[in-house]
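Welcome! Please have a look at the sequence and the fold below before reading on, and keep the view open so that you can follow along.

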Amino acid sequence: MLDIKSDLNMRIDRVQKQMAERGFGGLIVFYGGQHNMLRMDPILLLADFRVLGPAALLVPRNGSPRLIITPAWDGARAQTEVCVGPVDAVEESALATAIAAAASLLDAPLAMVGQDVMPLGFARELRTALGAEPLDGGEVVRATATTRTPVELARIERAAAMADEGFRCLSETARVGMTEFELAAEIDSAMQAMGSEDNFGLMSTGPHNIAIRAITERRLEAGDVIVSEITPCHRGYFAQLCRTFILGEPSDLQREKYDLLLRAQVAGLEAAKPGLPSSGIARAVNEVIGAAGYAEYCRQPYMRTRGHGLGLGGVVPYDVTESASPVLETDMTMVIHPNQYIPETGYMMLGDTVAIEADGPRSLTQTPRRLFWRAV
């Protein structure tokens with residue numbers, strides 16, 4: 001496997017090739033320092049550094065990029081961790097001036113990424129400092145971030161192992177009388193012991209769940225269906241696992257309806273091959289569930305998507321729907337989840353993070369695909 005510096009150079013080379021194709025002389029990559037599961041952090045992608053405040057990476061047509069970060073006191077960390085080019089650390093009030101000074105050393109025309117997360121006042125200040133409106137360079141980074149490099153994939157695989165551990169903890173720890181908060185804390189603790197930095201965790205409990213939601217103070221009861229979306233983060237990269245656990249023995253009806261989700265997931269996975277449209281995954285899932293009599297429940301307000309890009313944000317495809325247009329490529333990572341509300345049993349969940357490979361998807365999460373339960 002490549003070391004991180006070589007891997008980053010591969011990513012920067014991708015960006016510079018995209019710049020050359022579009023005729024850009026320089027690229028300003030801005031990010032505001034707010035991290036979440038579905039928004040790609042382009043500075044993490046190209047510098048392997050998670051900024052604490054607004055920052056910019058300036059990429060020349062050729063050669064190494066320059067990173068400008070805020071706040072100034074974070075400079076020591078950046079100097080230690082960043083390995084792809086020089087780093088400047090400034091106060092936020094001086095950021096626009098610093099970006100403009102560095103941009104003056106780049107060839108024209110300039111392009112920019114990150115206007116969508118840029119505060120309006122700062123955008124005006126930066127435009128004035130630059131003396132011109134940069135071109136839109138968003139597609140340069142999106143094209144680069146569509147597929148994962150070896151180091152990125154290894155991080156997502158590690159996050160997937162953390163998700164598996166989180167669900168193992170749920171299935172062994174859940175008990176009658178425990179609050180959802182307590183169960184979520186146990187899950188987070190188990191994953192943090194493996195090095196998880198974060199968890200976008202959702203959970204619903206009850207005899208008949210309407211949808212997945214944020215955790216509450218509700219206490220678990222015998223017969224509860226616990227649906228969980230576990231999404232840990234490892235070094236900035238996420239993986240997700242969706243499963244259903246019953247606190248008690250499932251009924252024949254619950255087993256029957258979960259088997260429907262299992263068949264739908266198989267159909268979705270079979271449609272997840274390079275060269276095929278991502279919309280085919282949603283169509284395959286919906287066809288199975290619709291054929292069982294639940295076509296109306298495959299649409300909003302009951303269901304929104306059958307998966308989404310995941311790893312470093314929800315890049316491509318952003319959502320897996322029947323109208324999604326992106327074509328699947330080798331080394332894309334995404335979660336495929338035929339989660340479904342069924343009127344007779346309530347909401348049930350089943351989903352795995354996969355890497356698209358030449359012969360189809362490879363599951364990165366390893367938790368068995370079945371309905372989990374434990375007698376009480």
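What follows is a short walk through some parts of this structure.

The model is a predicted one: local features need pLDDT of at least 70, side-chain atom pairs count only at pLDDT 80 or more, and totals for chains, interfaces and linings use all residues. Residues are numbered from 1 along each chain as its sequence is written, and side-chain values use heavy atoms, with hydrogens and water left out.

Let us begin with a sheet. Six strands make up an open sheet with mixed pairing, in the order E4-E3-E2-E1-E5-E6. Strand E4 (87-89) and E6 are at the edges and have a single partner strand each, so one side of each is left without a neighbour in the sheet. Strands (E, at least two residues) and helices (H or I, at least four residues) are DSSP runs, numbered from the N terminus. Two strands count as paired if DSSP finds at least two bridges between them.

Strand E1 (residues 26-31) runs parallel to E5, and four bridges pair them; Ile28 has Met112 as its bridge partner in E5. Strand E6 (residues 135-136) is also parallel to E5, joined by two bridges, and there Met112 has Asp136 as its bridge partner.

Now turn to a pair of helices. Helix H9 (residues 252-270) packs against helix H10 (residues 279-294) at an angle of about 150°, and their axes are 7 Å apart. That makes H9 roughly antiparallel to H10, a label for angles over 145 degrees, while those under 35 are roughly parallel, 65 to 115 roughly perpendicular and the rest oblique. The axes are lines fitted to C-alpha atoms, for helices over the stretch in contact, and angles run from 0 to 180 degrees between N-to-C directions. Among the residues that meet are Leu260 and Ala264 in H9 and Val285 and Val288 in H10. Asp259 also lies in H9 and counts as partly exposed, at 39% relative accessibility.

Some loops deserve a visit too. Where is Thr231 found? Thr231 sits in the loop between strand E9 (225-230) and strand E10 (232-234), and it is buried at 0% relative accessibility. Beyond its neighbours within four places in sequence, Thr231 has contacts that include Met37, Phe200 and Leu310, where contact means heavy atoms within 4.5 Å.

Two peptide bonds are cis: the one from Thr70 to Pro71 has omega near -5°, and the one from Gln300 to Pro301 has omega near 10°. Pro71 is in the loop between E3 and helix H3 (75-81), whereas Pro301 is in the loop between H10 and strand E13 (307-309).

Finally, Asp48 has a positive phi of about 55° although it is not a glycine. Asp48 is buried, with a relative accessible area of 14%.

Definitions and conventions: Buried means under 20% relative accessible area, exposed over 50%, partly exposed in between (1.4 Å probe, protein chains only).
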